[in-house]
Amino acid sequence: MSEPSNAQLAESLLAFWADAGVDAMLLDAPVDRIAAGRIAPPQPPPGRKPATPAPPRLVGAPVPDVAAAVAQAQALAAAAGDLDALAEAIAGFEACPLRYEGATRAVFSRGDRAAPLMLVGEGPGAEEDQRGEPFVGRAGQLLDRMLDAAGLTGRVFITNTVFWRPPGNRTPTLHEQMICAPFVERAIALVKPQMLLLVGGASAKSMLKKDEGILSLRGRWFEWRSNDGKMELPAMPTLHPAFLLRQPVAKKRAWSDLLTVAERLDRPDRPA
Ligand code: URA
């Protein structure tokens, strides 16, 4: 039997990765493999002159100027007078590096626009990227069933700490979350919920500015404060439904967190 060619080996490795769920291969910074001599530049057909080189094109994520991006997000968010304007501002916002890492669209929100509870997840996944709505994949379906069982259907506004799918569903970075935070805060100001449900470690840590893991944060009430200190709300971190799909025994802890939230919503004067 003849040895497989390099192309066949590469194809088989890519198929293995695809089966394992790897659907993006990106580095933090672009690599010009032609300039590095690893790949030969495309040659013109025999007898034709080489084409004039195209101007350099930006490949991959631009290195973010976080402070400038945050300032731009703040200005756009502040100018949005309602949730439709905010959704439009997010869709047109170009300074979040996640935009350039394979996401097909901005994913902002779904749910009741005057909800007493705002749920903040981590970031959109593949299904959300396709459909343009947060929490619509398998994890979202589990979340919906849990919200329903806790009597919270129709009383929740759902969004995420970032609005573009991180490649390969990686956790969003703190910088990406900082850049999107002014939009999240503006959503909170417009919806005016009574409390927040922070779903998953990446959401809880960035919203509460805490370093602890989700297993220690969950189930406890915290006071969320906006970056300008003008808004404060009770916030409950809980386990992410994607984690619950992998660890079904943890469901009872998330369930207990949801019931605690539902109970406080129904009796807002009750001390935590
Ligand atoms: N996970 C999240 O944190 N958010 C979504 O919208 C989907 C999956």
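Modeller: Start with a polar contact: a pair of N or O atoms within 3.5 Å. An oxygen atom of the ligand is 2.9 Å from a polar backbone atom of Phe135, so that pair counts. This is a predicted model, where local features need pLDDT of at least 70 and side-chain atom pairs need 80 or more, while totals for chains, interfaces and linings use all residues. Residues are numbered from 1 along each chain, and side-chain values use heavy atoms, without hydrogens and water.

Biologist: Which polar side-chain atom lies 2.8 Å from an oxygen atom of the ligand?

Modeller: One of His240. A backbone N or O atom of Gly123 also lies 3.0 Å from a nitrogen atom of the ligand.

Biologist: How much of the ligand does the protein bury?

Modeller: Alone, the ligand exposes 240 Å², and the protein buries 91% of that. Areas come from the Shrake-Rupley method with a 1.4 Å probe.

Biologist: Why is H3 called roughly antiparallel to H6?

Modeller: The axes of H3 (residues 83–92) and H6 (residues 174–191) come within 10 Å and cross at roughly 170°. Angles run from 0 to 180 degrees between N-to-C directions. Angles over 145 count as roughly antiparallel, so H3 and H6 qualify.

Biologist: What makes the two helices meet?

Modeller: Contact means heavy atoms within 4.5 Å. Among the residues that meet are Leu86 in H3 and Phe183 in H6.

Terms used: Helix = DSSP H or I, 4+ residues; strand = E, 2+ residues; numbered from the N terminus. Parallel < 35°, antiparallel > 145°, perpendicular 65-115°, else oblique. Polar contact = N/O pair within 3.5 Å; in protein donor to acceptor, adjacent residues only side chain to side chain.
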